[in-house]
Amino acid sequence: KSKSKPEPKPEVAQAAPKLTAANKPPTADAGGPYRVDEGDRLKLDGTGSSDADGSLAAYEWTRKKLLDDPTKRKPRFGARDDGKIDIELTVTDDQGAQDTASAVIKVRNVKPRIAKLGPFEGQVGELIVIEPVVVHDPGPNDTHEVSIDWGDGAVGQRAVDPDNRSATAAHIYERPGDYTVRLTVTDDDGGTGTREVSVSVE
């Protein structure tokens, strides 16, 4: 008695493997170039950064001590001293991929100035003191010297106290008269400011 052949099992269709596209890294854009005066604040702009196949999850700027928040897209930069500053922005997408871009910030020096003071008066042969010679400069890191033309042919120079940004000048006149004293402040970057002061000597 012949055996019957087993019926073939139906073929089960195999699911095609899902293909996942590789993540494309984001593109960082730090904006710029930027220009700002020392002592001022500047808003940086990283909004030109993008991610073609997802979204940006994080922003991170260098120069953290000069920024109000280095994780913002548009942080504020505080210009403490003149010069050229390089800054970088790193962006991270939702898959962890990163890209970095850089920008240049040009900080311009601002000329210092001397606050209004005087007039002064005194006697021939006596020491006449001119104070306080107060210097205003928006650059917190600048240092200063004051040169003095006393108006009678004599000249002098004084260092400015970096803590209170002031100086004291004194002179003895040998003749009576009305003198115009010319005070010139110079910062460490060569910026200058001048103030004239009247001195009456009897």
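Reader: Which residue of β5 stands opposite Y59?

Author: Y59 stands opposite V91 in β5. This is a predicted model, in which local features need pLDDT of at least 70, side-chain atom pairs count only at pLDDT 80 or more, and totals for chains, interfaces and linings use all residues. Residues are numbered from 1 along each chain as its sequence is written, and side-chain values use heavy atoms, without hydrogens and water.

Reader: What makes β3 and β5 a pair?

Author: Two strands (DSSP runs of E, at least two residues, numbered from the N terminus) pair if DSSP finds at least two bridges between them. β3 and β5 (residues 83-93) share five bridges in the antiparallel sense, and therefore they count as paired.

Reader: What joins β5 to β6?

Author: Ten bridges do, and the two strands run antiparallel; D86 stands opposite V104 in β6. β5 and β6 form a hairpin with four residues between them, and G96 in the turn has a positive phi of about 95°.

Reader: Why are β1 and β3 called edge strands?

Author: The open sheet of four strands has the order β1-β6-β5-β3, with mixed pairing. β1 (34-37) and β3 (56-61) each pair on one side only, and are its edge strands. Neighbouring strands of this sheet are turned by 25° against each other on average, direction ignored; axes are lines fitted to C-alpha atoms, for helices over the stretch in contact, and angles run from 0 to 180 degrees between N-to-C directions.
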